[in-house]
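Please read it with the sequence and the coordinates at hand.

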There are 2 protein chains.
Amino acid sequence: MTTEPQTKTKKRTMPKEVRRAQLIEATLACIAELGISKTTMAAVTGRAGLSMGIVSLHFESKDNLLNETLVHLSEEVRSTWAEAVDAPDKSAAEKLRALSLSSFHPSIFDATKLRVWFAFFGEAKSRAYYREMVSSYDNERGHIAKALCAELLQDYPEASMSAEEISDALEFFSDGIWLNAMLYPEYFKEGHAALQMEQMLAAYFPKHFQLPLRPAPACTQ
Amino acid sequence: MTTEPQTKTKKRTMPKEVRRAQLIEATLACIAELGISKTTMAAVTGRAGLSMGIVSLHFESKDNLLNETLVHLSEEVRSTWAEAVDAPDKSAAEKLRALSLSSFHPSIFDATKLRVWFAFFGEAKSRAYYREMVSSYDNERGHIAKALCAELLQDYPEASMSAEEISDALEFFSDGIWLNAMLYPEYFKEGHAALQMEQMLAAYFPKHFQLPLRPAPACTQ
DNA sequence: ATCGTGAATGAATATTCGTTCAGTCGATTT
DNA sequence: AAATCGACTGAACGAATATTCATTCACGAT
């Protein structure tokens, strides 16, 4: 009976990675619910079902726990859009569409995580950390988006906007949807954000993207 | 010499409104520089050149000071867009343009104030307060924008998007520019945001808005 | 079974910060 | 000039909270 790990009442010791994940999860929940300033160590460890000292053990300090939480979020976002683009047989249009819609993938376009993102953006310290640690992701994504727009633009000799202006505009638009979805989550039901994004793509690249017809009465359940 | 108010070394007492403005100003600066969680009473009053007790005197508490700061910001924004729309002899197109560009008026589109806005968005407590106080402003602005879009849409019988979808899209777009201008202020030089907005308007309403020609080499100094 | 290791605990400590209030000082009145 | 008023001060207080560390306990090794 000593060899079976999980059926026991409650394991006292767990692998480092499990504890770290457990604490980051609890931190996300606390920040979303309480805001950063009210997210105390007691709140985080209490929600994780652990004791106060555990944070210094697996993370250096509270600050470090918050930074690691931000890194976790960023990598989740990054892997979501990277996967959307990483398909050798997709056309440029398909890639741009997948990249643009990846911002609204359920695993990241989620009330809790959106609140945490904006909690970090609102704090001067996290903003600085974000810029130095993570903004290279943003740059990478921006370059990819710009290159895809440039490729599509070859079919629009009369175009009045540059690839960079269009890819910037797409980025602004999806960021704005994020902000509004955070503030007014009830307004963004079931793919509403993605629909808006597709309309935006169709406006810029009408030869490549169909306008999704009206709200689609009974489609995706 | 006793009747001249300002040449004296340093007045000890000042009208209530002056002190309130002074404290709100200092609060804005502190939140922008330090974030909400590090914005202490000592920091605010120190920056205002006053003593700690002054806040309880003119505002009830720290919470109330923060709320009043948010009110101040909101009314500044509101009066900016209200003024843009409140001109009886403007056409609908001119009004929509003025309304859209008002988000980037220098008095509100400013690194300090943008940081403060997002600091409030990021705090759960302020978010609740924000929703109950400001969302009526947002609604009012939204209704006006929608009505203006509907009026312009009469000239586009073939249009594939509704007035609400377009006015939402304009709102998302300017919100996204706000977020990006807050995170990467150096990217938004001299009217770059306004230019992007005008391109957006021209994309939706090509019959009403000219595309502003290329970045304009040497125009506004 | 016993022991040794290190993960986990949580009470105690140190710090940070909002609020208070008795006292100070400048302006106005008498 | 003296008195009164009230805006303003800032040291002191106490509540909240991050951090520490001596102790406890589970688990694998012997």
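## A residue of the nonpolar core

Once its neighbours within four places in sequence are left aside, A:Ala181 is in contact with A:Phe109, A:Leu114, A:Phe188 and A:Ala193. In this predicted model, the largest nonpolar core has 102 residues, and A:Ala181 belongs to those with the most contacts inside it, together with A:Phe173, B:Phe173 and B:Ala181.

## Chain A as a whole

Chain A has 9 helices and 0 strands, and its pattern, read along the sequence, is α-α-α-α-α-α-α-α-α. The C-alpha trace of chain A spans about 70 × 40 × 35 Å along its principal axes, and 34% of the 221 residues of the chain count as buried. Where contacts in chain A join residues at least 6 apart in sequence, 59% of them join residues at least 24 apart.

A:Ala147 lies in helix H7 of chain A, and it is partly exposed, because 14 other C-beta atoms lie within 10 Å, a count that falls between the limit of 12 or fewer for exposed residues and that of 20 or more for buried ones. The C-alpha atoms of A:Ala147 and A:Tyr129 are separated by 28 Å, the two residues being 18 residues apart along the chain.

## How the two chains are related

Two copies of a chain are related by a rotation about an axis and a shift along it. Here, chain A is superposed on chain B by a rotation of 179° with 0.0 Å of shift along its axis, at an RMSD of 0.2 Å. That is the relation of a two-fold axis. In chain A, the C-alpha nearest the axis belongs to A:Gly176, at 1.9 Å from it.

The contact between the chains takes 31 residues from chain A and 30 residues from chain B. On the side of chain A that touches chain B, at least two residues each are supplied by helix H1 (16–34), helix H6 (111–122), helix H7 (124–153), helix H8 (163–183) and helix H9 (192–204) of chain A, with the largest share, 11 residues, coming from H8(A). By class, the residues of this side divide into 16 nonpolar, 8 polar and 7 charged. Of the interface residues of chain A, 97% are also interface residues in chain B, so the copies meet through the same surface.

## The surface near DNA strand C

There are 25 residues around DNA strand C, of which A:Ser51, A:Gly53, B:Thr40, B:Gly53 and B:Ser61 come nearest. Helix H3 (54–58) of chain A, along with H2 and H4 of chain B, each supply at least two residues of this surface. Its composition by class is 8 nonpolar, 9 polar and 8 charged residues.

## Helices H1 and H4 of chain B

Helix H1 of chain B (residues 16–34) has 19 residues, which at 1.5 Å a residue should span 27 Å, and the 26 Å between its end C-alpha atoms agrees with this expectation. The buried residues in H1(B) are B:Leu23, B:Ile24, B:Ala26, B:Thr27, B:Leu28, B:Cys30, B:Ile31 and B:Ala32, and what covers them includes helix H2 (41–48), helix H3 (54–58), helix H4 (62–85) and helix H6 (111–122) of chain B. Just after H1(B), B:Gly35 takes a positive phi of about 85°.

B:Val85 lies in helix H4 of chain B and is partly exposed, with 17 other C-beta atoms within 10 Å. Not counting residues up to four places away in sequence, B:Val85 touches B:Lys95, B:Ala98, B:Leu99 and B:Ile144. Within the chain, the C-alpha atoms of B:Val85 and B:Leu73, 12 residues apart in sequence, are separated by 19 Å.

Most residues other than glycine have a negative phi. A:Glu190 lies in the loop between H8 and H9 of chain A, and it is exposed, with 10 other C-beta atoms within 10 Å.

In chain B, B:Glu190 has a positive phi of about 30° although it is not a glycine. B:Glu190 lies in the loop between helix H8 (163–183) and helix H9 (192–204) of chain B, and it counts as exposed because 11 other C-beta atoms lie within 10 Å, where the limit for exposed residues is 12 or fewer.

Terms used
Residues are numbered from 1 along each chain as its sequence is written. Chains are lettered from A and ligands numbered from 1 in the order in which they are written. This is a predicted model: local features need pLDDT of at least 70, side-chain atom pairs count only at pLDDT 80 or more; totals for chains, interfaces and linings use all residues. Helices (H or I, at least four residues) and strands (E, at least two) are DSSP runs, numbered from the N terminus. The expected span of a helix is 1.5 Å times one less than its number of residues. Two residues are in contact if their C-beta atoms, placed from the backbone, lie within 7 Å. Copies are superposed by least squares on the C-alpha atoms of residues with pLDDT of at least 70 in both. Ala, Val, Leu, Ile, Met, Phe, Trp, Tyr, Cys and Pro count as nonpolar, Asp, Glu, Lys and Arg as charged, and the others, Gly among them, as polar. A nonpolar core is a set of buried Ala, Val, Leu, Ile, Met, Phe, Trp, Tyr and Cys residues joined through C-beta atoms within 7 Å. A residue is near a molecule or strand if its C-beta atom, placed from the backbone, lies within 6 Å of it.
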